[in-house]
Amino acid sequence: MTGQNSPAITATPRGKAPLAIVVGAMALGAGYALVLGEDANWDWQNYHEYNVWALLHGGYPRDAMPPGFQTYFNPVIYFPWYALRHALPPVMAGMIAGAVHGLNLALIWWLTRLLLGTAAGALTIGAAVLLAAMGPMTLSEVGTSFSDIITSIPIIAGLALMLAADDPKPRRYLLAGLLVGLAVGFKLTNIVFALGLAAAALAAARPPRALLWLGLGGAIGGVLTGGGWSLMLWREFGNPLFPLLNSFFPSPEMPPITLLDRQFIARGILDALAYPYYWLIGDNRSSELPFRDARFALLFVLVPVAILARIKSAAARLARRDLQLLLFMAVAYGVWLLLFAIQRYIVTLELLTGPAIVLLLVRILSAIPAARSPSGLSRNSQIAIVAIAAVAAAWTQPTDWWRRPWSDPYQPAISARLAQPATYFLLDKPISFIAPRLPAGSRFYMLADQALPILPGGLFDRRIRAGLADPLPGGHWELHIKGRTIQPDLLLAYGLSVDPAQPCVDIESANLGSVLVACPLIPHAP
């Protein structure tokens, strides 16, 4: 079924075309971000903003996990977005981020050109780029702080480098592994793509050599982006991945459990196999918010059809790099389904559905004599591919992670009652994004994180009690989201309760219509 790689267009095309593609892709990303508005997503409110700010302003040794367990996720990947948001007007920051995100489409253009070889033309490559661009999670993350759409760039580049390696030169595999390793170090959930790359290497011309150099490059990349942070966690908590995998690297600051968000995991094999068809009809069981996507269902149908086409005709032969792409996607998807099944984590696969669908359509149509021409596929066949891509793309419904109009950027007014440094007890999530807007030197203690509660006598409990013994001039306050029920028992554990004699203070929240509430605290009267 497979064979040597078919004649391909040069893996690193020269001339003005690649530059024009890069500029065009970045312009599309910037333009789409302009249309969407200012990012106010839940994760930015919870930890993307706070973690960077805390690292820059001494929050880690002072506070007690304001974002909850996400406090100790590697913040390095969020530094560029933090810098943009704090240095530039919101619309400029969003458009620059969108432009960077648009680089994914330039890589898809390159990868598709590489895969299709002589079948690569304006129509087929355009169809692949259109399909890639219209992923519901991909669209939803443009111009946001989410890292999935950033780490997809080195992952796709690494995969393309490996697929381009007809001659298995170590430097190509080393660089491919390095790029994917960088992504894993930035965000550990990208491990699914490292495993996918290893699976793809098994179909290389010389698998042992490919795996060796990929592994070496991956290790270097992971250490570069995640090594320093893991070393800090090891020193502080005895767990280089804290709070994850605490059953393997037990830290006294939490129970010996493996912390994973498994709310979206399939309930059985048949349920797992049906996920692409759930997405087709808008069933968002793998995401917090609604979306719709036809492309994975289409891909699941095309794979067996491509196998049957190969049986019927040698013209439908799958080249080695075709198989490697499909292995990468299948293994990454399977591991993702077992570990997370959180839709945002497969933005990379969303992007790769574009070239994968077009590749399979080209191979299938090549088995039909009437669909071929002396130079490859007939014009009508290429138009048919574009039509299929257009229908699948039009069916997409992206999700919405919360935006604000550019005309109303997030600039909350802070009450004069909160003008002095104070101690804030957080009784809800997400709230920690407000920390940079409150007076410098304030302290922030999270009491309500179910995944990582404060252990009596532990590091964070001692830190909180030391802070109470050394009060700040602004006093003690609790913070929660208006309309939600608070748990007074959490405050009672520290001898505090809300002062009924004083009014609370409202603070506009980042997402429209939401309000944070700060209530003054006093020693609890038995």
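In this predicted model, Cys-504 and Cys-519 form a disulfide in which the two sulfur atoms lie 2.0 Å apart, and the structure holds 1 disulfide in total. The torsion about the S-S bond of Cys-504 and Cys-519 is about 105°, so the disulfide is right-handed. Because Cys-504 sits in the loop between β10 (496–498) and β11 (505–508) while Cys-519 belongs to strand β12 (residues 515–523), the pair ties together parts that are 15 residues apart in sequence. The table sets out the surroundings of each cysteine.

| Residue | Relative accessible area | Class |
|---|---|---|
| Cys-504 | 35% | partly exposed |
| Cys-519 | 5% | buried |

Turning to the helices, the axes of α2 (residues 42–57) and α4 (residues 79–87) come within 10 Å and cross at roughly 90°, which means that α2 is roughly perpendicular to α4. Residues of α2, including Trp-44, Val-52 and Trp-53, meet residues of α4, among them Phe-79, Trp-81 and Tyr-82. By class, this contact of α2 with α4 has 8 nonpolar, 2 polar and 2 charged residues.

In soluble globular proteins, nonpolar side chains tend to be buried together. The largest nonpolar core here has 99 residues, and those touching the most other members include Met-162, Trp-279, Phe-328 and Leu-352. Helix α17 (residues 347–366) gives this core its largest share, 13 residues. Leaving aside neighbours within four places in sequence, Phe-328 is in contact with several residues, among them Ile-155, Phe-193, Leu-349 and Leu-352. A second, separate core of 60 residues includes Trp-53, Trp-81, Leu-84 and Tyr-494.

Methods:
Residues are numbered from 1 along each chain as its sequence is written. This is a predicted model: local features need pLDDT of at least 70, side-chain atom pairs count only at pLDDT 80 or more; totals for chains, interfaces and linings use all residues. Side-chain values use heavy atoms; hydrogens and water are left out. Axes are lines fitted to C-alpha atoms, for helices over the stretch in contact, and angles run from 0 to 180 degrees between N-to-C directions. Helices (H or I, at least four residues) and strands (E, at least two) are DSSP runs, numbered from the N terminus. Angles under 35 degrees count as roughly parallel, over 145 as roughly antiparallel, 65 to 115 as roughly perpendicular and the rest as oblique. Contact means heavy atoms within 4.5 Å. Ala, Val, Leu, Ile, Met, Phe, Trp, Tyr, Cys and Pro count as nonpolar, Asp, Glu, Lys and Arg as charged, and the others, Gly among them, as polar. A nonpolar core is a set of buried Ala, Val, Leu, Ile, Met, Phe, Trp, Tyr and Cys residues joined through side-chain atoms within 4.5 Å. Buried means under 20% relative accessible area, exposed over 50%, partly exposed in between (1.4 Å probe, protein chains only). A disulfide is a pair of cysteine sulfur atoms within 2.5 Å.
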